[in-house]
Amino acid sequence: MRTLFSLVAPISLVLAACGSVPGDTATDTDTPGDTSTDSTATETATATDTSTSTAADPTEVPTSGAPTTEATDSTSTTATDTDDTTTGDPGVPTCGDPVHFASGKEPAQEVHVAPDGVDDPLSCGTLDAPCQTIGAAVALATPGTAIRLHPGTYAADEFVEEIAGSEDAPIWIGGVPGEERPVISGGTEGLHLSRVRHLVVHDLEVTGASGNGINVDDGGLFEDPEATRFVVFERVFIHDIGDGGNQDCLKLSGLNDFWILGSEFTGCSAGGSAIDHVGCHRGLILDNQFSDNGGNAIQTKGGSEDIEIRGNTMRECGQRAINMGGSTGFEFFRPPLLPNAANAEARNIRVIANVIVGGEAALAFVGCVDCLAANNTIIRPQHWLLRILQETVSNPAFEFAPVGNSRFINNVVVFDRNQISNHVNIGPDTAAETFTFASNLWFAADQADQSSPAGDLPVAEVDSIVGVDPALVDLDGDFHLTPGSPAVHSGTPLAELTGDRDHQCWADPPSRGAFELVE
């Protein structure tokens with residue numbers, strides 16, 4: 001049994017689109033957890049605010065200087081201050097630091113929650129008389145409120161609906177600065193958020209759910225881009241989720257304008273994803289750690305667009321560490337499919353400066369149009385280096401653009417030739433001939449003379465380095481470049497490059513792989 005709480009908070013701010021608009025779970029065709037298909041969801045009033053906002057586009061980031069948002073190791077069990085911005089050393093410029101609507105802001109009031117609290121709507125929420133559940137605290141929250149969860153274990157299966165802060169006064173849900181991180185344990189879902197806006201979820205641990213860990217959706221309002229918008233996840237730790245089927249650590253459906261920062265995802269269900277996007281738009285996934293996930297670390301499908309996956313580390317993340325696109329049931333696309341246009345599983349997904357270790361395939365372009373994989377360091381995939389596939393094909397009702405017009409540039413790829421079958425796996429119904437391959441470094445560590453992918457690429461590559469040791473600091477763990485590396489300052493300049501894996505600024509020309517050489 002799950003608990004349903006609803007809050008419609010006043011929104012003084014007008015909201016509008018920010019950023020641009022268009023512009024293995026391979027056989028997964030459903031989206032478990034959507035309230036649109038969940039018969040236990042309770043119908044409530046729909047938020048109708050459609051005004052404009054000047055909130056930052058998640059994919060637009062400053063290129064240098066401070067203040068910056070400091071990356072925090074998500075394995076720490078201590079919550080950090082709600083305002084985690086810091087002033088960097090002006091002599092050491094950083095690049096690509098994230099800024100979002102809550103950056104630099106402090107809550108105006110706090111509602112306290114503790115496992116031994118009491119849910120009294122007339123008196124709970126103070127430090128001396130905390131509430132017991134997130135839902136009771138949500139019912140007391142207004143824009144500018146921080147819901148402070150004190151250490152301990154909390155019951156799962158809470159359903160929170162229509163909670164809305166504002167750009168000037170967000171709502172925070174998370175641990176107490178300086179205290180141990182609270183844990184939501186067990187249940188079917190750890191936490192389900194539907195039709196929420198200007199919300200920051202931070203410093204939480206979620207574990208042991210048989211379904212999804214955290215589920216965020218638009219409440220079935222597929223045609224309303226305002227339904228669930230402006231959500232930040234910072235320093236969350238979601239692990240050991242699902243029963244081995246199609247369950248996800250973080251399930252996102254119809255979410256627009258979002259940030260996932262400094263978090264950790266491990267032991268997500270064998271048939272699911274660490275982060276699964278269905279019809280999500282304008283997001284930044286930065287500085288996260290993924291490990292031991294069965295299906296993939298990140299999947300973007302169902303009409304997802306304009307999502308940047310940057311500066312993450314993925315170790316042993318299953319069939320396809322990053323699945324750009326996928327296979328989605330037609331009824332789950334956001335926005336809904338158009339009968340007289342070329343639809344796509346995903347568009348403009350950018351995978352930049354990540355470290356990807358192991359797994360069956362590091363990257364898969366699956367029905368993804370105008371997508372980019374650049375400056376990643378890929379270490380020892382076990383079957384393919386990358387895949388180009390089309391799993392959702394045109395039919396009499398709907399046309400789908402084939403995967404194509406995508407780029408694979410400036411990557412460092414280290415592999416063992418005796419471990420993989422083909423360098424690149426290309427399926428039917430693709431437009432692989434429209435891809436661009438340029439300035440990648442390919443190195444077979446066990447057989448250097450077998451490094452060349454040329455026979456498996458759909459087009460000729462420009463400016464490749466083949467069969468030359470990239471001279472990393474430590475091929476077994478530290479993938480930074482040494483000064484003598486052929487990857488140093490030999491890449492192709494790209495407008496999409498902001499900061500490297502360590503938030504260092506790229507040289508001109510940039511180095512290949514996820515790390516710039518700092519001299």
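**Starting from a buried arginine**

Let's begin at R282, which is buried, with a relative accessible area of 6%. Buried here means under 20% relative accessible area, while exposed means over 50% and partly exposed is anything in between, using a 1.4 Å probe and counting protein chains only. What you're looking at is a predicted model, where local features need pLDDT of at least 70, side-chain atom pairs count only at pLDDT 80 or more, and totals for chains, interfaces and linings use all residues. Residues are numbered from 1 along each chain as its sequence is written, and side-chain values use heavy atoms, with hydrogens and water left out.

So what does R282 pair with? It forms a salt bridge with D257, with 2.8 Å between the closest N and O atoms. (A salt bridge is a side-chain nitrogen of Lys or Arg within 4 Å of a carboxyl oxygen of Asp or Glu.) This pair links distant parts of the chain, 25 residues apart: R282 sits in strand β20 (residues 281–286) and D257 in strand β17 (residues 255–261). D257 counts as buried too, at 0% relative accessibility. Both residues also belong to a network of salt bridges that links R197, E226, R229, D257 and R282.

By the same rule, the count comes to 20 salt bridges. Another one joins D306 to R350, the closest N and O atoms being 3.0 Å apart. D306 lies in strand β23 (residues 304–310) and R350 in strand β27 (residues 346–352), so this pair ties together parts that are 44 residues apart in sequence. D306 is buried at 4% relative accessible area, and R350 is buried at 8%. Then there's E234 with R235, whose closest N and O atoms are 4.0 Å apart. E234 is buried, with a relative accessible area of 3%, and R235 is buried with a value of 3%.

Time to step back to the whole chain. It has one helix and 42 strands; these are DSSP runs, numbered from the N terminus, with helices (H or I) needing at least four residues and strands (E) at least two. Of its 519 residues, 60% count as buried. The chain exposes about 17600 Å², and carbon and sulfur atoms supply 51% of that. (Such areas come from the Shrake-Rupley method with a 1.4 Å probe; for residues, only the protein chains shown count as cover.)

Strands of a sheet pair through backbone hydrogen bonds, either parallel or antiparallel. Two strands are taken as paired if DSSP finds at least two bridges between them.

Now try β11 (residues 197–202), where six of six residues are buried. Which strands pair with it? Strand β8 (residues 171–175) runs parallel to β11 and is joined to it by four bridges, while β14 (residues 228–234) pairs with β11 in the parallel sense over five bridges. V201 in β11 stands opposite I173, and its bridge partner in β14 is F233.

F233 turns up again in the largest nonpolar core: of the 82 residues there, F233, L252, F265, F290, M314 and L363 touch the most other members. Such a core is a set of buried Ala, Val, Leu, Ile, Met, Phe, Trp, Tyr and Cys residues joined through side-chain atoms within 4.5 Å. Helix α1 (residues 134–138) supplies the largest share of this core, four residues. A second, separate core of 16 residues includes F443, I465, V488 and A514.

Last stop: H150, in the loop between β5 (145–149) and β6. H150 counts as buried, at 13% relative accessibility. Its side chain makes polar contacts with the side chain of H112 at 2.8 Å and with that of E179 at 3.0 Å. (A polar contact is a pair of N or O atoms within 3.5 Å; within protein, one must be able to donate a hydrogen and the other to accept it, and residues adjacent in sequence count only if both atoms are side-chain atoms.)
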